[in-house]
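Here is a short briefing on a model with the sequence and the 3D view side by side. Keep both open as you read.

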Amino acid sequence: MAELEVRVVSARREGLLIELGRVINEYGHVLVRQRLVPDVQGACLTLVLRGPDERQLALEAALGSHPRVISFECMRTPGGAMPSSTAAPVAELAPLIQPELSLAVGADAARVERMLPNLAKDYPRIFPWLINLEYAVAAEARDASLHLAGRRTGAWVYKRDFAFGARLALNDAIKRIALPALRVLVSVEQHGDQLHVRGCPLCQPGSLSGGRFFCGFIEGVLAESVDAVTLSVRESSCHSQGAPTCVFDITH
Amino acid sequence: MQEMHQHYNMLLVVLSYLVSVLGSFTALQIALGIPLARSGKQRLTSIVAAGAAMGGGAIWAMHFIAMLACNLGVQVTYDMVLTGVSALLAIVACSLGLAIVGSGTFRFVNLLFAGVLMGLGVAGMHYLGMMAMLTSAQVSYDGGVVVLSVAIAVIASMAALWLAFNLRGRWQMLGSALVMGVAVCGMHYTGMGALQLSEGDTLPAGFDQGLRGEYLGLVIFGLVALMLVLSLGISLVRQQRRAGLSI
């Protein structure tokens, strides 16, 4: 059971807690504490939640894409659960909390959610599903949806194949976790803190880049394995724009 | 005084290595759960269970199989209290070592502390186990070879822990268990090389009450069977969890 702190901003405060509470309940989580304060955009609701690890990302996606949510932040407490009787107030928790990697706000979370079980079933032959997703979602939700699918897939692969062992330095984590995890999907090489993907099926020349999937995948697979508070992955060059390889820069 | 020589049953020597590998494999399987523990109680349970498998299985059981493999040309029994203390020492040292290396991020300084603790645990168990030996022979050691045996235990323990916590994939546990087996056996047989026995004429006090080989054999059999069951059980549970992970 992990504990999460979620901050959402909404235009109206009325009924916000009830509506989000339904979503929280639906994903098997319980509300430990909550605080609702006025915000320039309407209301800011801070929630501390507890629930099963395996449903956490799905919950984040559902809350992030909720129609009443204008902005969404999620942080995870290191080490997991704390008994509620000894739990500190939300404000006091802040220094203990590490920022969760940014969730792809704007993703078509419902469609991604429906696709994910197929992705798991056919893994590692997942590219037909991802290409299908690219076409199925609205153009403005495409990148965020690919990123979300990548994050979820990466986190799942990490838990399945790489979770046992100590947290590693970034370079070691790339070499021992991200690289072998990606090799199952594509041809990839490590150059320092960069990963070079050759012949990426989602980034064909002349088409749109599918690099956001790999950004999410690398973030998902490394998020819990590295000794870093924050981690971000950026695609610095893409095969779809004529580069020989897609290059992903990993920083923390 | 006439010097005495050791003769080994090679089948039991090979068996002693296999038991140390099995014990290490079981211990490391449990120890890899230490960084994933969600509560203090879970963490403590993992540490103690891993330490018990390493200290009791990989080190203690291996030592006494190796002692059964060794024919010293004289009758031997073992002091029960010292034998028990030697097992406890190995378990405590290994638990501390695994707790250090399993905490937080993998750092060289943690590896160094943990390797030294586990190496000293292996060596401490061995020499305490040798002190528990009740025999009419006079026992002495070659100091240089003793130091070498401790160094082997420390260095090989560090290598095994590095492999276990740093690597991922199929060699993570098997590779580290094979290397930990080298640490334990390398230390033991080098330590036995340091042993110098000469004939004596009086049996020490408590010789008749000491543990005999056949009883030790039974205890070791029980330990090995327990480790096999644990190892298999952990593998099955992990396989099931892996299959049941939702994306």
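In chain B, the axes of helix α1 (residues 10-31) and helix α2 (residues 40-69) come within 8 Å and cross at roughly 180°. Axes here are lines fitted to C-alpha atoms, for helices over the stretch in contact, and angles run from 0 to 180 degrees between N-to-C directions. α1(B) and α2(B) are therefore roughly antiparallel to each other. Angles over 145 degrees count as roughly antiparallel, under 35 as roughly parallel, 65 to 115 as roughly perpendicular, and the rest as oblique. The contact of α1(B) with α2(B) has 19 nonpolar, 7 polar and no charged residues.

This is a predicted model: local features need pLDDT of at least 70, side-chain atom pairs count only at pLDDT 80 or more, and totals for chains, interfaces and linings use all residues. Residues are numbered from 1 along each chain as its sequence is written, while chains are lettered from A and ligands numbered from 1 in the order in which they are written.

**Terms used below**

- Nonpolar residues are Ala, Val, Leu, Ile, Met, Phe, Trp, Tyr, Cys and Pro; charged ones are Asp, Glu, Lys and Arg; the others, Gly among them, are polar.
- Helices (H or I, at least four residues) and strands (E, at least two) are DSSP runs, numbered from the N terminus.
- Two residues are in contact if their C-beta atoms, placed from the backbone, lie within 7 Å.
- A residue is buried if 20 or more other C-beta atoms lie within 10 Å of its own, exposed if 12 or fewer, and partly exposed in between; these C-beta atoms too are placed from the backbone.

**Chain B as a whole**

- Chain B has 7 helices and 7 strands.
- From the N terminus on, the elements of chain B run β-β-α-α-β-β-α-α-β-β-α-α-β-α.
- The radius of gyration of chain B is 19 Å, close to the 18 Å that the globule rule gives for 247 residues, so chain B is as compact as a globular protein of that length. That radius is taken over C-alpha atoms, and the rule is 2.2 Å times the number of residues to the power 0.38.
- The C-alpha trace of chain B spans about 70 × 35 × 30 Å along its principal axes.
- Of the 247 residues in chain B, 46% are buried.
- Take the contacts in chain B between residues at least 6 apart in sequence: 87% of them join residues at least 24 apart.

**Two residues of chain B**

- P204(B) sits in the loop between β7 (195-198) and α7 (213-244) of chain B. P204(B) is partly exposed, with 13 other C-beta atoms within 10 Å.
- P204(B) is 198 residues from Q6(B) in sequence, and their C-alpha atoms are 20 Å apart.
- F108(B) belongs to helix α4 (residues 108-131) of chain B. Is F108(B) buried or exposed? F108(B) counts as exposed, with 9 C-beta neighbours inside 10 Å.

**Chain A as a whole**

- Chain A contains 8 helices and 9 strands.
- Of its 252 residues, 40% count as buried in chain A.
- Domain 1 (2-79) and domain 2 (109-251) divide chain A. These bounds come from an automatic or database domain assignment.
- The centres of the two domains of chain A, taken over C-alpha atoms, are 26 Å apart.
- Between them, 6 residues of domain 1 of chain A are in contact with 7 residues of domain 2 of chain A. The domain 1 side has 4 nonpolar, 2 polar and no charged residues.

**Residues of chain A**

- V233(A) lies in strand β8 (residues 232-237) of chain A. V233(A) is buried, with 27 other C-beta atoms within 10 Å.
- Leaving aside neighbours within four places in sequence, V233(A) is in contact with C215(A), I218(A), E219(A), F248(A) and I250(A).
- L148(A) is in helix α6 (residues 142-162) of chain A. L148(A) counts as buried, with 32 C-beta neighbours inside 10 Å.
- The peptide bond from Y123(A) to P124(A) is cis, with omega near 10°. P124(A) is in the loop between α4 (109-122) and α5 (127-136) of chain A.

**Where the chains meet**

- Across the two chains, 19 residues of chain B are in contact with 25 residues of chain A.
- The chain B side of this contact has 8 nonpolar, 8 polar and 3 charged residues.
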